[in-house]
Amino acid sequence: MADNETNTSYRDSLKSMDTEEHIDLAFYRPIGYAWARLAAKIGITPNAITIASIFLGIGAGVAFGFNDLYINIIGIILLVWANSFDSADGQLARMTKQYSRLGRILDGLSGDFWFFAIYVAICIRENYTSTFFMAHPWLIWVIAVTTGICHAKQAAMADYYRQFHLYFLKGEDGSELETASDLKEKLAAIPWKENFFKRLTLSTYTNYTIQQEATAPAMQVLRKEMKAAYPDGVLPQQLRHDFRMASLPLMKYTNILSFNWRTIALFTSILACMPWLYFAFEFIVLNIILIYMIARHERICKDFTKRIQNGQYK
């Protein structure tokens, strides 16, 4: 009985089997679950775990700046540890119902801190170890900034499509999908006095959502159509099922654009003593996947907008 309860609790700590990646299920989620259970016992909050992951990720970035195999391996361990904490904070939040928008913002920012440190470390390392970049020290920084912008877009859209999929799978309560218009209203209602940090984080999150919506215009049309057709917010079961099945094949691309495959490329390039290869992977391979994913998802949204307009789902 205890084992069944443990297994059920573990399953409940996952977002959904639709959106989980094999590497996460085999490695990070079990470790994250163990951290989450320990944190729950001693009263550590999800946000505290997230903040700890930020320091671990930054430490990994510093380690990657050294052209030393053993220090690089320490960096790999630190980044794996950071990601296990990144898994644990969400699992703990779902286990203990400690959800908050601040937690979601911190969770998103944690990866940004990690990779900012990693990008800076790679640039410094290349300028000291690569003959080519020593002759053109500005070039690696231009590449890093360009790649970083692409990275941010890739991660943002992967998260956005995953949340939209969860909306159809689990409903509004099972998704963290929000609209920029609602966030703007909430932001306007918060006074600046004694709320600077709250306004700053919500403003950052609002701008993040605005960029997501601008990249997926057909999705916004579909969302407006659903709101008009189903004002009570309850979608027909057949619509939820059909969209889920159409969206499900794209979830593997959202996972590729997230953490695990990105770090496989990072670790490979670091251990091969060619860190610049990681930038090439992000800029070429991941951007191709991003463009394909956006185009295909937009086609799906246009198709379902027409279906609703034609009265297919009552």
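Visitor: At what angle do helix α13 and helix α14 pack?

Guide: This is a predicted model. Helix α13 covers residues 260-271, and helix α14 covers residues 276-309. Their axes lie 8 Å apart. The packing angle is about 145 degrees.

Visitor: Which hand does the crossing of α13 and α14 have?

Guide: From α13, Trp261, Arg262, Ala265, Leu266 and Ser269 take part in the meeting. From α14, the partners are Leu277, Tyr278, Phe281, Glu282 and Leu286. As α13 passes α14, the crossing is right-handed.

Visitor: How many residues of each class does the contact of α13 with α14 have?

Guide: Arg262 of α13 and Glu282 of α14 are among the residues that meet. Arg and Glu count as charged. By class, the contact has two charged, one polar and seven nonpolar residues.

Visitor: Are α2 and α4 parallel or oblique to each other?

Guide: Helix α2 spans residues 22-42, and helix α4 spans residues 69-96. Their axes are 7 Å apart, at an angle of about 60 degrees. An angle of 65 to 115 degrees would count as roughly perpendicular, and one under 35 degrees as roughly parallel. The pair α2 and α4 is therefore oblique.

Visitor: How many residues in the contact of α2 with α4 are charged?

Guide: α2 passes α4 in a right-handed crossing. On α2, the contact includes Phe27, Tyr28, Arg29, Trp35 and Arg37. On α4, Trp81, Asn83, Phe85, Gln91 and Met95 are among the contact residues. The division is 14 nonpolar, six polar and, as charged residues, two.

Visitor: How are α7 and α10 oriented to each other?

Guide: Helix α7 runs over residues 137-170, and helix α10 over residues 217-229. The axes sit 13 Å apart, with an angle of about 25 degrees. Angles under 35 degrees count as roughly parallel. So α7 and α10 are roughly parallel.

Visitor: How many nonpolar residues are in the contact of α7 with α10?

Guide: The crossing of these helices, α7 and α10, is left-handed. α7 brings Tyr160, Tyr161, Phe164, Tyr167 and Phe168. α10 brings Met219, Gln220, Leu222, Arg223 and Met226. One residue is polar, one is charged, and the nonpolar count is eight.

Visitor: How far from Cys150 is the nearest cysteine sulfur?

Guide: The structure holds zero disulfides. A disulfide needs two cysteine sulfur atoms within 2.5 Å. For Cys150, the nearest cysteine sulfur is that of Cys123, at 14 Å.

Visitor: Is Cys150 buried or exposed?

Guide: Buried means under 20% relative accessible area. Cys301 has 0% and is buried. Cys150 has 15%, so Cys150 is buried.

Note on methods:
Residues numbered from 1 in each chain as written. Predicted model: local features only at pLDDT ≥ 70, side-chain atom pairs only at ≥ 80, totals over all residues. Heavy atoms only, no water. Axes fitted to C-alpha atoms, helices over the stretch in contact; angles between N-to-C directions. Helix = DSSP H or I, 4+ residues; strand = E, 2+ residues; numbered from the N terminus. Parallel < 35°, antiparallel > 145°, perpendicular 65-115°, else oblique. Left-handed = near helix turned anticlockwise from the far one by under 90°. Contact = heavy atoms within 4.5 Å. Buried < 20%, exposed > 50% of the residue type's maximum accessible area, 1.4 Å probe, protein only.
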